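Keep the viewer open as you read.

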Amino acid sequence: MKTIDIEKLNRDNFKSIMNSLSMPGNIYKIKSIYDSYFLAMANTLLYSEVSFFYDGNEDFDLIKAITNVKEESVENSDYIFSDEINEYFLSKAKIGTSKDPEFSSTLIFKCKDFSGLNLKLSGPGINEYKEISLPIDKAFVDFFNEKNSSYPMGNEIFFLNKKGEILALSRTTKVEVL
Amino acid sequence: MAYYAIKGGEEAIKNSLNFYNDFTKNSEKIEDDDLIEAFTFSIDKVMSEGSLYSKKLASQAIKRSAGDLLNASFFLRAHRSSCQRIGICKELDVNDMRLSRRISSAFKDIEGGQLLGASNDYEVKLLVDIKNEKVDIKNYSNKNNVIKSALTPLREDNLIKILPKEDEPWDITRVFPTAPYPRSSVLQVMSRGESGTLLGFAYTSMRGYGDVHPTIGDLRIGELDIKFIHPFTKKEVKIGSIEASAVESAGTFNKDENGDTKLTTGFGFCFGKNETKAISMSIIDLTLYNNSYTVGTEQIVASDFEMVMHHVDGIESFGFANHYKLPHYVTFQTDYQIFKSAKKYVDEQNRKDVDGDIK
Amino acid sequence: MRYAFLDEEAKKEIRRSILKAIAIPGYIVSFASREMPVARGWGTGGLQVTLSIINEKDTLKVIDQGCDGSVNAVNIRNFISSVTNVKTTVDTKKATLIQTRHRIPQIDLEEGQILVYQVPMPDILETVEPNTAKAKIMHANADYSKLWVLLYEDTSMYGDSRISNRYPVIVHNRYAMDPSPIPKYDTPKLNNNKALQLFGAGREKKIYAIPPYTKVEPLKFEDREFKVENFEDKSCQRCNSKNSFLDEVYDDNGIVHYYCNDTDYCDSQIKKADKK
């Protein structure tokens, strides 16, 4: 039986996650755990003092056992996982307060790949502008910009595709449809 | 030959540690059991400030520090940091203590009597050899010495102000709170606080920078059992017992959250025999939660949560005080340049007369 | 010993704080801050950040006052090395992870590099409002009036701010931030830097960050110049550079000499000269 060094997996994956959030639009690679990139991200981010929400198809039981994470409703959880890009979850995600903007939710959306609407990103982490594409519609873009319009409150989103690549949008990222 | 910037830091450190070892190697001759027996109060101070109950580890820390007790506490704290947390034990009630000492200054006599126990309160501090009068002490056991706090009758009569209790105790080692500070976090900070700092803060209150007029309602030292739910059998087990000090001070009176007039109290608790620290902690607790009426609230250090929460931890203050020994030549260079510019500006201004012309 | 000393829970909590800090540039995020075998005030914050992000692919550089050989830098580098076996270097260009105290490297950093600052006091408002509860509300309201008033008073009395290092900056047009005790000379380097900048304050239990390519401006009046440290006509006696922050050093005869503060920069200038 192949032994998994979970801590090594976590530190390698955290590097990718941190790099993707500090440079929104750039693509980084995640290593899988139990054949799932999604569970690997969960395993890296979750621990006993945070909460998560998920009602999809992957099996989070092992993650719950390893990390001791708490389960919560979508409005209250620190991390929202979803098998697909979901505007409803984004609308429900907590955004923190002006005093404690970090008590806000991070969303992790699975998608097939990163093709779709052509977008122009700007903001911290981006050298002037960056052009990318994502499988979202204009309504989602408008909603994202609006949700994050009362900075410092807001949400970060990580997109994870089938190849285990991630791309992040920070709450400081301005998204324009090209 | 050009003078090189300071290199050779590695060598310097090695040599410095070797020199320091000349101090600490002498303590290696002392067995842990002997140190624990001979210097019980040092062991207790270190366990309390290190926030880790282990006499053996405290002894090793004291030896490694050649007697610097605050440094020894630092060793214990760092060790504590590396220990994996298995779980949280059952809540302790100091009323369950198997007492080896229990007094109350508030009452002439109390249930069980004034149990002086082992104390140096009445010791005459003369360095010359004074032999204590021999006494014939019958065998003493604390097994049945479980007596409730001397303030219990007042509590039962609902005369004592009860502060709101949180659902779950805070854990300052996991999240340090911001204001308003939960009471459990305030007590945690003080319980592991540096003894001298707590004494200093409490002393300001005693001397009048506080309006609490404390009387010790109950001071106790004894053993408490640590109970824990076994992770596999799910049954409650006793994993050991600790020696601890607890003090309840009574203050003046105050209105509680319902508007009723009640007697105020403060609570002090620490690992080991630490009477001075427990007394200080209970007085600071009293002062923090009861506004001053006679002296107002200005400049009252012991009633200021910001003062207490951020300034009583010995490991933090010790580290920061000593960090000033680190190189600061860049910041000093910047200070010096600003000073020169400022001086130049002021001198130029002084040379100009009222119309702005150079005199 | 466990890789990078800290247990996984501690690392995850620090990592979460780092992510939130990156998402909210310049905002100070609270974290548990475990006690380390190094004393509080001696770099435990920077250390916890480094230990939480370091992995086998990194190359580590540690400097204090710009120097790799400084005793504190040596001690910290040795500790990190002993718990990770990571490759170490003094060459700024080769490092992926640089932990620093009080200086930004002279050589410009590149994308993909991470600079971790050791911070004694994380909240710039502490200089005008030591009460942490009040300061937190000021940050929530972007109320930095006390800093502006201080700047005004200093300017009228002394011609300029009396702040020498730790000069307040505004990040992404929102948060006033403490850049740690770096000289004003280094302050402009915070702006639009290609590297990720992380700040760790262990004793005060705070982490904050500046993502790459982020706007960071010193707090100053529009009609005033931001004056940095001036070495006038002096140059480094070792490499002849006139463009670096210099250290004033006294030799055994009491004579003063000037040398580049950033030792790696000085070495690289000499290498360049040798090549010619």
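Domain bounds here come from an automatic or database domain assignment. Keep in mind, too, that the model is predicted.

**Domains in chain C and chain B**

Let's start with chain C. Its assignment gives domain 1 (8-124 + 168-218) and domain 2 (230-276). Taken over C-alpha atoms, the centres of domain 1 of chain C and domain 2 of chain C are 26 Å apart. Their contact draws 14 residues from domain 1 of chain C and eight residues from domain 2 of chain C. On the side of domain 1 of chain C that touches domain 2 of chain C, you'll find six nonpolar, five polar and three charged residues.

Chain B is also split by its assignment, into domain 1 (9-82) and domain 2 (94-320). The C-alpha centres of these domains of chain B lie 27 Å apart. Here the contact takes 13 residues from domain 1 of chain B and 13 residues from domain 2 of chain B. On the domain 1 side, α3 and α5 of chain B each supply at least two residues. The largest share of that side comes from α3(B), with seven residues. By class, the side of domain 1 of chain B that touches domain 2 of chain B holds six nonpolar, three polar and four charged residues.

**Where the chains meet**

How many residues of chain B are in contact with chain C? There are 43 residues of chain B in contact with 50 residues of chain C. Several helices of chain B each give at least two residues to this side: α1 (9-24), α5 (69-82), α10 (305-311), α11 (314-323) and α12 (329-351). The one that gives the most is α12(B), with twelve residues. Sorted by class, the side of chain B that touches chain C has 21 nonpolar, 15 polar and seven charged residues.

Chain C also meets chain A, with 28 residues of chain C in contact with 28 residues of chain A. On the chain C side, the elements giving two or more residues are α1 (8-23) and α4 (132-140) of chain C. Of that side, α1(C) gives the most, with eleven residues. The side of chain C that touches chain A divides into 16 nonpolar, three polar and nine charged residues.

Two packed helices are described by the angle between their axes and the distance between the axes.

| Helix pair | Angle between axes | Distance between axes |
|---|---|---|
| α4(B) and α5(B) | about 130 degrees | 8 Å |
| α8(B) and α9(B) | roughly 50 degrees | within 8 Å |

Given that angle, α8(B) is oblique to α9(B). The crossing of α8(B) and α9(B) is left-handed. From α8(B), the residues B:Ser195, B:Leu198, B:Leu199, B:Phe201, B:Ala202, B:Ser205 and B:Met206 meet B:Thr276, B:Lys277, B:Ser280, B:Met281, B:Ile283, B:Ile284 and B:Thr287 of α9(B). The residues of this contact divide into eight nonpolar, five polar and one charged.

As for the other pair, α4(B) and α5(B) are oblique to each other too, and their crossing is right-handed. The contact is made by B:Leu57, B:Ala58, B:Ala61, B:Ile62 and B:Arg64 of α4(B), together with B:Leu69, B:Ala72, B:Phe75, B:Leu76 and B:His79 of α5(B). By class, the contact of α4(B) with α5(B) has eight nonpolar, one polar and one charged.

**One residue on a strand**

Finally, zoom in on B:Thr252, which sits in strand β3 (residues 236-255) of chain B. Is B:Thr252 buried or partly exposed? With 15 other C-beta atoms within 10 Å, B:Thr252 is partly exposed. Leaving aside neighbours within four places in sequence, B:Thr252 is in contact with B:Val212, B:His213 and B:Thr264. By contrast, B:Pro231 is 21 residues from B:Thr252 along the chain, and their C-alpha atoms are separated by 45 Å.

Technical notes: Residues are numbered from 1 along each chain as its sequence is written. Chains are lettered from A and ligands numbered from 1 in the order in which they are written. This is a predicted model: local features need pLDDT of at least 70, side-chain atom pairs count only at pLDDT 80 or more; totals for chains, interfaces and linings use all residues. Two residues are in contact if their C-beta atoms, placed from the backbone, lie within 7 Å. Ala, Val, Leu, Ile, Met, Phe, Trp, Tyr, Cys and Pro count as nonpolar, Asp, Glu, Lys and Arg as charged, and the others, Gly among them, as polar. Helices (H or I, at least four residues) and strands (E, at least two) are DSSP runs, numbered from the N terminus. Axes are lines fitted to C-alpha atoms, for helices over the stretch in contact, and angles run from 0 to 180 degrees between N-to-C directions. Angles under 35 degrees count as roughly parallel, over 145 as roughly antiparallel, 65 to 115 as roughly perpendicular and the rest as oblique. A crossing is left-handed if the near helix is turned anticlockwise from the far one by less than a right angle, and right-handed if clockwise. A residue is buried if 20 or more other C-beta atoms lie within 10 Å of its own, exposed if 12 or fewer, and partly exposed in between; C-beta atoms are placed from the backbone.
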